[in-house]
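Welcome! Take a moment with the sequence and the model below, and then read on for a short tour of a few of its residues and helices.

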Amino acid sequence: AHSRACCAEQLLSLAPQTAVPELRAHMRSLFLLAFERLGTTAALGADRIEMTPALPPGVTLPSGADPGTIPDAAKNQEALAAAERHRQSIELWNAKQRALDDLTYLTHLVLARDVNQERELWRTWTAAMSLTPGLPDELRDLLANASR
């Protein structure tokens, strides 16, 4: 997801320097696509995660112990599956946090642009950005207000 943010940032910086209007429009479309994908990543991530994976009922382990050391084979497999689900949840949560950081950064870059010559286009663009799924309410409000 972070590479999408880097690409979006490059598109944002190159578009004003591009002399061909069609190419500028294409760059803006690619920016919006990358922004939307970041929003989707943020929307799919968990809002919270547990600090440790759940263990099967009746199993206790010292903090940091390997669930693979559980002697009962069935409970061992259950604990390992829970640890894998927990690892995947952490990955999704981390991806969400990075996407939210990137969305915030890109939103502020867009809002800081000098748009006097392309005011109507900029309003449409910020309105489109405000519709991105997974966008935090404070960013959605900033973009919606900017498009008025």
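Phe31 and Phe35 are both buried, a term for residues with under 20% relative accessible area, taken with a 1.4 Å probe and protein chains only. This is a predicted model, where local features need pLDDT of at least 70 and side-chain atom pairs count only at pLDDT 80 or more, while totals for chains, interfaces and linings use all residues. Residues are numbered from 1 along each chain as its sequence is written, and side-chain values use heavy atoms, leaving out hydrogens and water.

## An aromatic cluster

There are two aromatic pairs in the structure. Rings of Phe, Tyr and Trp (for Trp, the six-membered ring) pair if their centres lie within 6.5 Å; they count as stacked if the planes are under 30 degrees apart, as edge-to-face if over 60, and as tilted otherwise. Phe31 and Phe35 make a stacked pair, with 5.9 Å from centre to centre and 25 degrees between the planes. These two are four residues apart in helix H2 (residues 21-44), so about one helical turn separates them. Helices here are DSSP runs of H or I with at least four residues, numbered from the N terminus.

Phe31 also pairs with Trp125, this time edge-to-face, at 5.2 Å centre to centre and 65 degrees between the planes. Because Phe31 lies in helix H2 and Trp125 in helix H4, this pair ties together parts that are 94 residues apart in sequence. Phe31 counts as buried because its relative accessibility is 1%, and Trp125 counts as buried because its value is 6%. Together, Phe31, Phe35 and Trp125 form one aromatic cluster.

## Helices H4 and H5

How do we describe two packed helices? We give the angle between their axes and the distance between the axes. Helix H4 (residues 119-130) and helix H5 (residues 137-146) pack at about 155 degrees, with axes 8 Å apart. H4 and H5 are therefore roughly antiparallel, the word for angles over 145 degrees.

On the H4 side, the contact (heavy atoms within 4.5 Å) is made by Trp122, Arg123, Thr126, Met129 and Ser130, and on the H5 side by Arg140, Leu143, Ala144 and Ala146.

## A buried threonine

Thr107 belongs to helix H3 (residues 73-111). It counts as buried because its relative accessibility is 0%. Leaving aside residues up to four places away in sequence, Thr107 touches Phe35, Met129, Leu139 and Leu143.

Definitions and conventions: Axes are lines fitted to C-alpha atoms, for helices over the stretch in contact, and angles run from 0 to 180 degrees between N-to-C directions. Angles under 35 degrees count as roughly parallel, over 145 as roughly antiparallel, 65 to 115 as roughly perpendicular and the rest as oblique. Buried means under 20% relative accessible area, exposed over 50%, partly exposed in between (1.4 Å probe, protein chains only).
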